Amino acid sequence: MQRIRLRYTKRGRLRFTSHRDFQRAFERALRRAEVPMAYSAGFTPHPKVSYANAAPTGTGSEAEFLEIALVEPRDPEALRELLDASLPTGLDVVDAVEARVAGLAERLTASVWELRLDGVADEEAERAVAAFLAAPAVEVERRTKNGVRTFDARAAVAELHVVAEPGGDVGRTGAGPCAILRLVVRHETPAVRPDDVLSGLRAVADLAPPVPAAVTRLAQGPLDEESGTVTDPLAADREAVPAGHSKAPGAAAATVRTGAASA
């Protein structure tokens, strides 16, 4: 059995695709591409697909990961191209490697998020960020299926800062100010999401954007605490390719250097 790990995106309007919707679309793509999938045993067999830490509905992402099991070997890059062509634009398969090192999920220890706050000036955002980082704890509430839960949104935040982008208007949806935050959050329990950090900014500094924030995951993978770098979780599989085997062409690096104030 061969295992292939894929990185895919959620872009544009397809950021509103739920994880269940993506699962259905991906299984249709597997059939269209005639991928020789391995199936589970039992009365209703399912293709063996493992999803890792999917982004919440409504958020974009450049770094979603999954793993598939095949009963016949395939070239990872050729398989990536077939699956990418079988999915709608916006759900794009951008990287593929053969799984050679165990524990992909364990390598996903942090995420880098971009939060675009239309209607918020940089100075206002910087004051809120400073207050958030200075707080020893920032308690927020989230409604769950078991009721309202209160937890600390500060402890999981490794870095948070305002990004100064040249040109100023990149990514804006209106003519007013637009503050852009870069957030690095550790994957802990309970999981802290970008909307929890926004709730924390509102709690400590009364930061309330007039329109919902546009949130995009830029990367997820191992976090280097010293440098604040989130690195490519598929790098270990690429580096483990035996001598004489070519690596996947055009493999995109998922490293994101944040270069900002840290926890």
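**Close-up 1. Glu98 and its partner Arg100.** In this predicted model, Glu98 is partly exposed, with a relative accessible area of 25%. Its salt-bridge partner is Arg100, and the N to O distance comes to 3.1 Å. Arg100 also counts as partly exposed, at 32% relative accessibility.

**Close-up 2. Asp196 meets Arg142.** Here the two side chains form a salt bridge at 2.3 Å, N to O. Asp196 belongs to helix α5 (residues 194-205) and Arg142 to strand β6 (residues 139-144), so this pair ties together parts that sit 54 residues apart in sequence.

**Close-up 3. A salt-bridge network.** Zoom in on Arg3, Arg5, Glu67, Arg107 and Asp237: salt bridges with shared partners join these residues into one network.

**Close-up 4. Glu62 reaches Arg11.** This is another salt bridge, and the closest N and O atoms of Glu62 and Arg11 are 2.7 Å apart. The pair links distant parts of the chain, 51 residues apart: Glu62 is in strand β3 (residues 60-70), while Arg11 is in the loop between β1 (2-10) and α1 (19-32). Glu62 is partly exposed, at 23% relative accessible area, and Arg11 counts as partly exposed as well, at 35%.

Close-up 5. How many salt bridges does the count come to? It comes to 18, with the Glu62 and Arg11 pair and the Asp196 and Arg142 pair among them.

Conventions. Residues numbered from 1 in each chain as written. Predicted model: local features only at pLDDT ≥ 70, side-chain atom pairs only at ≥ 80, totals over all residues. Heavy atoms only, no water. Salt bridge = Lys/Arg side-chain N within 4 Å of Asp/Glu carboxyl O. Helix = DSSP H or I, 4+ residues; strand = E, 2+ residues; numbered from the N terminus. Buried < 20%, exposed > 50% of the residue type's maximum accessible area, 1.4 Å probe, protein only.
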